Amino acid sequence: LSKLNANVTGVDFVKNNIEVAKQHALKKKLKINYIIDDIEKFKLTKKFDLIIMFEVLEHLDNWDSFLVKIKKNLKRNGIVIISTINRNILSKYLAIYFAENILKWVPKGTHVYEKFIKPSEIYHNMINNNFRLKNLSGLSFNLLQGKWKLSRNPNVNYFCTYKLN
């Protein structure tokens, strides 16, 4: 987004994540404002056209109230793009057992099954808060090719895009 001349702000509570992101931005000559803070407690003071939350909600204690809170930081007709993990037996096996224990893509204990979120739960929250669904896509990993691709299957990882009415 920065390459497209967007004014970009990144927020993370892990200082090392921000330091790595800053180094990447410097190397790629990107202008990005980075903030180290807890996104659930952080008070944004400006409004945005777009808020992207990739792999954030499934780590929050109160994702539903957080989505209500960020509405205040969207401009009229603003867009929210979310990626998260669905809550079902398949996602439990693939995102926790397989990704954490077998492939070791993320540290063991990164995910808590009970914090995974069904697309219908996000949908009801967003509809009740004056958003409308623009898109729902799955994200699938092809183990043989070692590649991720968008799909129509939101059973494990998925993206959803909502527009504020």
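Visitor: Which residues does leucine 67 touch, not counting residues up to four places away in sequence?

Guide: The model is predicted, so local features need pLDDT of at least 70 and side-chain atom pairs count only at pLDDT 80 or more, while totals for chains, interfaces and linings use all residues. Residues are numbered from 1 along each chain as its sequence is written, and side-chain values use heavy atoms, with hydrogens and water left out. Contact means heavy atoms within 4.5 Å. With residues up to four places away in sequence left aside, leucine 67 touches Met53, Leu57, Ile82, Ile122, Asn125 and Met126.

Visitor: How many residues does the largest nonpolar core have?

Guide: A nonpolar core is a set of buried Ala, Val, Leu, Ile, Met, Phe, Trp, Tyr and Cys residues joined through side-chain atoms within 4.5 Å. In soluble globular proteins, nonpolar side chains tend to be buried together. Here Met53, Leu57, Leu67, Val80, Ile82 and Ile122 have the most contacts inside the largest core, whose residues number 20.

Visitor: Which elements give two or more residues to this core?

Guide: Elements are DSSP runs numbered from the N terminus: helices (H or I, at least four residues) and strands (E, at least two). Two or more core residues come from each of β3 (48-54), α2 (63-70), β4 (74-85), α4 (119-128) and β7 (157-164).

Visitor: Is threonine 84 buried or exposed?

Guide: Threonine 84 belongs to strand β4. Buried means under 20% relative accessible area, exposed over 50%, and partly exposed in between (1.4 Å probe, protein chains only). Because its relative accessibility is 0%, threonine 84 counts as buried.

Visitor: With which side chain does the side chain of threonine 84 make a polar contact?

Guide: Not counting residues up to four places away in sequence, threonine 84 touches Glu55, Leu57, Glu58, Ile117, Ile122, Val156, Asn157 and Tyr158. The polar contact, at 2.7 Å, joins its side chain to that of glutamate 58. Such a contact is a pair of N or O atoms within 3.5 Å; within protein, one must be able to donate a hydrogen and the other to accept it, and residues adjacent in sequence count only if both atoms are side-chain atoms.

Visitor: Is asparagine 157 buried or exposed?

Guide: Asparagine 157 is found in strand β7. Its contacts, beyond residues up to four places away in sequence, are Glu55, Thr84, Ile85, Gly138, Leu139 and Trp148. Since its relative accessibility is 13%, asparagine 157 counts as buried.

Visitor: Which element gives the largest share of the lining of the largest pocket?

Guide: On a 1 Å grid over the protein atoms alone, a pocket is an open set of points where a 1.4 Å probe fits, with protein on both sides within 12 Å along at least five of seven lines; lining residues have an atom within 4 Å of a point. About 1400 Å³ of space lies in the largest pocket. Of its 41 lining residues, Thr9, Gly10, Val11, Ile52 and Met53 are the closest to its centre. The largest share of the lining, seven residues, comes from β3.

Visitor: Which element gives the largest share of the lining of the second largest pocket?

Guide: The second largest pocket has a volume of about 600 Å³. Its lining has 26 residues, and the closest to its centre are Trp105, Phe141, Trp148, Val156 and Asn157. Elements that give two or more residues are β4, α3 (89-102), β5 (131-142) and β7. The largest share, five residues, comes from α3.

Definitions and conventions. Points joined across faces, edges and corners; volume = space filled by probe spheres on them.
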